[in-house]
Amino acid sequence: MNAPLYRIPGAPTASAPQAPVAEAAAAAPAEPRTVNQVLAESQIEAVMDELDRDLVGLVPVKARIRDISALLVIDKLRRSLGLEAQAPSLHMCFTGNPGTGKTTVAMRMAQILHRLGYVRKGHLVAVTRDDLVGQYIGHTAPKTKEVLKKAMGGVLFIDEAYYLYRPENERDYGQEAIEILLQVMENQRDDLVVILAGYKDRMDTFFQSNPGMSSRIAHHLDFPDYSQGELLQIGERMLDGMHYRFGPGAQQVFAEYLALRLQQPHFANARSVRNALDRARLRQASRLFADRDRPLSKDDLSTIEVADLRASRVFAAAASTAH
């Protein structure tokens with residue numbers, strides 16, 4: 001097989017055996033023969049449990065991750081029995097609106113791939129166009145190669161990947177980054193998994209304009225928006241993680257806030273929930289700060305009250321519209 005046209009430094013290379021074959025075979029543990037043995041050895045079910053625990057909803061996404069995990073487990077069993085086949089292509093595309101858990105799922109996917117031996121390190125490198133594309137001739141290739149070097153042995157997550165391609169600007173250098181990515185995705189796919197992410201319609205256009213990239217993506221996962229009930233559950237989990245809680249009536253007011261906010265533009269799912277709670281914490285702090293002589297209890301310091309939520313501009317905007 002011909003050597004790849006370009007190889008990222010840091011990728012593993014073949015080395016001479018360190019011990020006689022007979023000794024290595026005697027020392028090697030028995031290869032797993034059942035699915036349960038592979039699961040016990042890799043502990044990937046613990047990662048899946050974390051995914052279920054950390055992310056509300058996303059049932060179709062979680063099901064697809066389990067399907068991909070099943071493919072990798074069976075492939076591992078096939079290889080242990082000498083049923084050699086081309087390694088499955090693992091490059092992916094995650095589409096959906098902001099705040100739907102794409103980066104979190106990518107991190108868990110990196111862990112699964114590492115535990116099953118498909119990548120060496122299992123780390124995630126998250127980048128955007130600015131990390132890959134330079135502003136002048138000769139700048140893009142070094143930037144892209146440096147990012148790829150950092151990502152080798154793990155997963156490269158490119159958010160809003162369609163911004164790499166700007167055909168309206170003939171002096172744009174994004175195409176150079178795409179060409180380097182394509183070569184590495186093909187020649188070093190045994191040491192790097194690339195996940196492209198962004199809005200579905202824009203990613204579809206990107207793939208139509210770059211068929212070479214489309215042909216290298218094996219798995220397309222669409223991340224749905226969260227329902228109002230799921231967003232409320234996400235908010236409660238976020239508060240609990242920060243050692244806060246809703247006071248009497250505050251949960252219902254936050255549900256009202258979500259219903260109103262969902263009707264406004266630029267809603268970003270879990271990201272917007274976090275922003276809303278951060279602003280509520282700010283109002284709570286201002287409220288407590290104003291009463292300087294009152295001793296503050298643990299409950300005082302950890303409770304988000306109705307007033308902390310009602311002061312949001314979302315309610316003010318709704319009231320002005322109603323009148």
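Trainee: Which element gives the largest share of the lining of the largest pocket?
Mentor: This is a predicted model, in which local features need pLDDT of at least 70, side-chain atom pairs count only at pLDDT 80 or more, and totals for chains, interfaces and linings use all residues. A pocket is an open set of points on a 1 Å grid over the protein atoms alone where a 1.4 Å probe fits, with protein on both sides within 12 Å along at least five of seven lines; a cavity is a set from which the probe cannot get out, and lining residues have an atom within 4 Å of a point. At least two lining residues come from each of α5, β3 (155-159), α11 (228-241) and α13 (helices, H or I, of at least four residues and strands, E, of at least two are DSSP runs numbered from the N terminus). The largest share, 4 residues, is supplied by α11.

Trainee: What is the volume of the largest pocket?
Mentor: The pocket is lined by 27 residues, and those nearest its centre are G99, T100, G101, T104 and A270. A volume is the space filled by probe spheres set on the grid points, which are joined across faces, edges and corners. For the largest pocket it is about 660 Å³.

Trainee: How many charged residues does the lining of the largest pocket have?
Mentor: Ala, Val, Leu, Ile, Met, Phe, Trp, Tyr, Cys and Pro count as nonpolar, Asp, Glu, Lys and Arg as charged, and the others, Gly among them, as polar. The lining of this pocket divides into 11 nonpolar and 9 polar residues, while the number of charged residues is 7.

Trainee: Which element gives the largest share of the lining of the largest cavity?
Mentor: The structure holds 1 cavity of 30 Å³ or more, and about 40 Å³ of space lies in the largest cavity. Its lining consists of F254, Y257, A276, R279, R283, L309 and S312. Two or more of these residues come from each of α12 (250-261) and α13 (270-290). The largest share, 3 residues, belongs to α13.

Trainee: How many nonpolar residues does the lining of the largest cavity have?
Mentor: The lining of the largest cavity includes 1 polar and 2 charged residues. Its nonpolar residues number 4.

Trainee: Over what arc around the axis do the buried residues of α9 lie?
Mentor: In helix α9 (residues 200-209), M203, F206 and F207 are buried (under 20% relative accessible area; exposed is over 50% and partly exposed in between, with a 1.4 Å probe and protein chains only). On the other side of α9, D201 and Q208 are exposed.

Trainee: Which elements do the buried residues of α9 pack against?
Mentor: Contact requires heavy atoms within 4.5 Å. By this rule, the buried residues of α9 pack against β1 (92-96), α8 (174-187), β4 (193-198), α10 (211-216) and β5 (219-223).

Trainee: With which residues is S69 in contact, leaving aside its neighbours within four places in sequence?
Mentor: S69 is part of helix α4. Its relative accessibility is 5%, so S69 counts as buried. Beyond those neighbours, its contacts are I44, M48, I112 and L116.

Trainee: How many residues apart are E50 and R108?
Mentor: Residues are numbered from 1 along each chain as its sequence is written, and side-chain values use heavy atoms, with hydrogens and water left out. E50 and R108 form a salt bridge of 3.6 Å, N to O (a side-chain nitrogen of Lys or Arg within 4 Å of a carboxyl oxygen of Asp or Glu). The pair links distant parts of the chain, E50 in helix α3 (residues 44-54) and R108 in helix α5 (residues 102-115), and their separation in residues is 58.

Trainee: Is R108 buried or exposed?
Mentor: E50, its partner in the salt bridge, is partly exposed at 22% relative accessibility. R108 has a relative accessibility of 13%, so R108 counts as buried.

Trainee: Which helix holds K62?
Mentor: K62 forms a salt bridge with D52, their closest N and O atoms being 3.6 Å apart. The two residues are 10 apart, with D52 in helix α3 and K62 in helix α4.

Trainee: By about how many helical turns are D278 and R281 separated?
Mentor: D278 and R281 form a salt bridge. D278 is partly exposed at 35%, and R281 is partly exposed at 29%. Because they are 3 residues apart in helix α13, their separation is about one helical turn.
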